[in-house]
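Okay, thanks for coming, everyone. Let me put the model up, and then we'll walk through a few spots together.

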Amino acid sequence: MSSQPALVADALRLLGAPACACDAAGVIVAANDALVALLGAPPHGRALTELLRVASANDASLMAEAMAQPCTWPGALAASHGMVPVQVCVQPLADGVGTSGASFVFVDVGPWQSESLRNSALEQRVILENAPVGILLTRGGRMLDCNPRLAAMLDSTPAELVGMDPAQVFVTQQAFRAFMEDAFGALLQGRVFERDEQQFRRRDGSLFWCRVRAHGVEPGRREAGTIWIVEDVTETRRAQLEVEALLTNSSLAILFTRSRRITRCNAGFRAIFGYADASPAHVCQLYRDQDECDTVGAAAYRQFERGQAYHGETEMVRADGTPIWVQLIGYMVNPDDPGQGNVWIIEDRTRHKRDEQSLRNALLENQAILDTAVLGIAVVEKGRTLHCNRKMEELFACTQGSVTGATVRSLYPDADSWDAARVGTARDFAAGRVHVSEHRLIRRDGELFWARLSGRPFDLDDPGGRSVWMVDDVTAQRAAAEEVRRARDELEVRVAERTAELAGANALLQEEIVERRQAEARVQHMAYHDSLTGLPNRALLTDRLERAILAAKRADGKLAVMFIDLDRFKTINDSLGHLIGDYLLKEVAQRLCRAVRASDTVARLGGDEFVVLVPGVGAVEECHHVGEKIIEALAVPVPIEGHLLHISPSIGICLYPDDGLDAETLMRHADAAMYHAKGAGRNNYQFFTQRMNQAAARHFELESNLRTALANGEFEPFYQPIMDMATRRVHALEVLLRWRRPGIGLALPDDFIPILEENGMIVPVGEWVIRRACEQSMEWQRQGLPPVPLAINLSARQFMHKALVTSIRRIVEETGIDPALVEFEITESALMQHSEQTLEILGQINRMGMRLSIDDFGTGYSSLAYLKRFPVRKIKIDRAFIRELEASSEDRAIVAAVMALAGSLQLQVVAEGVETEEQLALLRGYGCQYVQGWLFAKALDSGATRALLVDDGGS
């Protein structure tokens, strides 16, 4: 009994009648308040036979019968005011209580006890209704009674719970059955059932956690009922989990100390200070010397004595002795008991210290740019100007700083113009568009002027948030336009008057003649010119080329034919529409005409193909010059409808008579040279050679074989590991495509990927790569290997395909792979081609739980804007910056800058092409998290990759 006195006492208190429990010797070990009140004093430690007289039974037989079986005796109890007749109900204690004994309940003790029972019942009810824990009585699989606290926990009333099946408050029927099996397994043995955590469901479906304790009304007899004590531990459990997660996952160093000795630390501490496994025993090991440790300690403990936390910055040392600048926060675990120790939070501020000056310089540079801008620029939020440049203040005739904080409404002359501006702005911002409009505004001195306003929100997903505006004074421009319009109107009036004077038969005849000539001219022009650009078409080009050949032959001279194809024009045309594509073609035509001589011919054959005929070529160097001028002319971006379109040419050049003697041969050879220019990386020119015919034949053979390679199962994914810099273990696998050509062997991507991109097969092949890599990952997991994230490349053409997102979602559902294990790598150029469409596609992929990274970072646009707008989690530094990292200070500066940028934007970094330990050491010093290259492994087939993962998991 001594091992469970609290449980027995709790059970006795729930009874309204006087009751007690005795051990095997008949000594009272527990009694409820009703019995104490009846006897006038606690009976603990006394023999029951001293207080109870039972007819026809001696003391020895009395206790022997009580220990053997349930029974009922008539008798008399020695109360404080005399002997009271009672009916004694006896129940042996259950085996689970811990010792033998019996419980005794005394009923029908006369008028005095009736009053006492009523008082006791009222007291018990008050206790029950005000108990801070839930209390429930069940019998026969139903709830019979409960206190208000339990009802409140279940979002019900006690009346609603009476008669309810307890299974309804469990999450599932399986959970209820498992719980009841455990509970009654203990209760039927007479033991108390306890469970520290059990999840229940409220009436509204929400879930919460409780601690449960139960015992039988009569131990061992389930039909007598069960008392359940339920305590809500949801918040306690959540707090414990949150604290543990914070300690485990925090990137900050967290350690606990007592008497300056380190008692516990987290992984963040070991990472920052370079302790692989064990941690230092004493805090002074973290400082340069004992004096520094004592100085910080003295300052901290002065704050602790005042009951305040300590904040400071100081220099510490890592495990290898290198210095580190940190921000230090400390506070006592229990201010009332300093002996319990202290908690310290340490943040590595080394890089921040170094970057602060760079950031300050960058901010000053940006401010200088704003202050020298020719447009007024202002940042607005909630109808007020947060800050602006000096030009903005000059536009509104304000003193320096007086526009900041002013309402935007004060810049408009009246309420109507203000309301119109607000409506237009809200409409465009809600649609995700830049708002451009012209309004009359008022200067501080009352002067009105016309201004062109251009604004956009910082975050397109929050159109009502902060926005940036550019303001330009267009008063003079509008006045000039108005003057031109007035002059045009006057001219039209005079022309109309003059025309009326010339009315008559002669005018009609002249008009007919003019119309006929114009029609003939249009027919002639349409037959020999391109309808879109107005350039000569193929027929006129062929005629001029044949005439130029005859002239060159007579003069024993040369001429050049330049075949021009616009790189990636189809992507622009497909994604932005034919109207923009047509506009771009016309702009290219105009630039080509400006780039060559008036005597040269610029023709359009169709689509994005142009030809330049250059007669009278004196030397090959002249062709070089013309090619460079064309590339330079097309390099300037083309602005249209909010886009800056970048276009580049691939140019093939052949010469008469060196490369052909007739127009057909020259055109064919120039076309072959153009395809060679595309194969050489685009945006260049190539002269025709006889080898190009062979290359064209090989190109045709590769393209023909590729069209059946997917169906024949000739493609195979290879995997190159991406290693964790800290652990030198596999962090992820980059999926790379290889082609096993029958009878030839393994073909590398550079030989066939450009062809797949060109003919559009990259879309089905890319989908096959994603599916096969996901299936392989799931197969490895079924074999017991740990899940490893996959990094899969998306080409520009594949990324812009309209069915990409649907295809990815279907593959994830069919293979069952966790989306968090899939990461897509996209080049900078692909991201920047169509920013709005790109943002939508990236958003859909990100919402599926997949991660996104930028491949070959630093080789494209390297725009900070898209790093902020797009949901990117990782960037990969191109191998071009890693190859000469040891020898090139420029490469080291670029890598350091990329690492600083990634750190400030919370991006992870992977360095590609790591081949030496020296490169690895430099990258580690820059804080690079992940590396990839031949230093660790080349691209491996699935079998070799599995062996690598097995070795990695066992290391």
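So, surface first: the protein chain exposes about 49,400 Å², and carbon and sulfur atoms supply 53% of that. Those areas are Shrake-Rupley values with a 1.4 Å probe, and for residues only the protein chains shown count as cover. Before I go on, this is a predicted model, so local features need pLDDT of at least 70 and side-chain atom pairs count only at pLDDT 80 or more, while totals for chains, interfaces and linings use all residues. Residues are numbered from 1 along each chain as its sequence is written, and side-chain values use heavy atoms, with hydrogens and water left out.

Of the 955 residues, 41% count as buried; buried is under 20% relative accessible area, exposed is over 50%, and partly exposed is in between, with a 1.4 Å probe and protein chains only.

Now the overall shape. The C-alpha atoms fill a box of roughly 150 × 80 × 70 Å along the principal axes.

On to single residues. Where does D659 sit? It's in the loop between β27 (649–656) and α20 (663–679); helices here are DSSP runs of H or I, at least four residues, strands are runs of E, at least two, and both are numbered from the N terminus. D659 is buried yet has no salt bridge, and the nearest side chain of opposite charge, K558, is 8.4 Å away. A salt bridge would be a Lys or Arg side-chain nitrogen within 4 Å of an Asp or Glu carboxyl oxygen; for charge, Lys and Arg are positive, Asp and Glu negative, and His and the chain ends aren't counted. Beyond residues up to four places away in sequence, D659 touches C654, T665, L666, H669 and F688, where contact means heavy atoms within 4.5 Å.

In that loop between β27 and α20 you'll also find P657, and a cis peptide bond joins Y656 and P657, with omega about 5°.

R682 isn't a glycine, yet its phi is positive, about 65°. Its relative accessible area is 26%, so R682 is partly exposed.

R568 also has a positive phi, about 55°, without being a glycine. R568 lies in the loop between β22 (558–566) and α17 (569–576).
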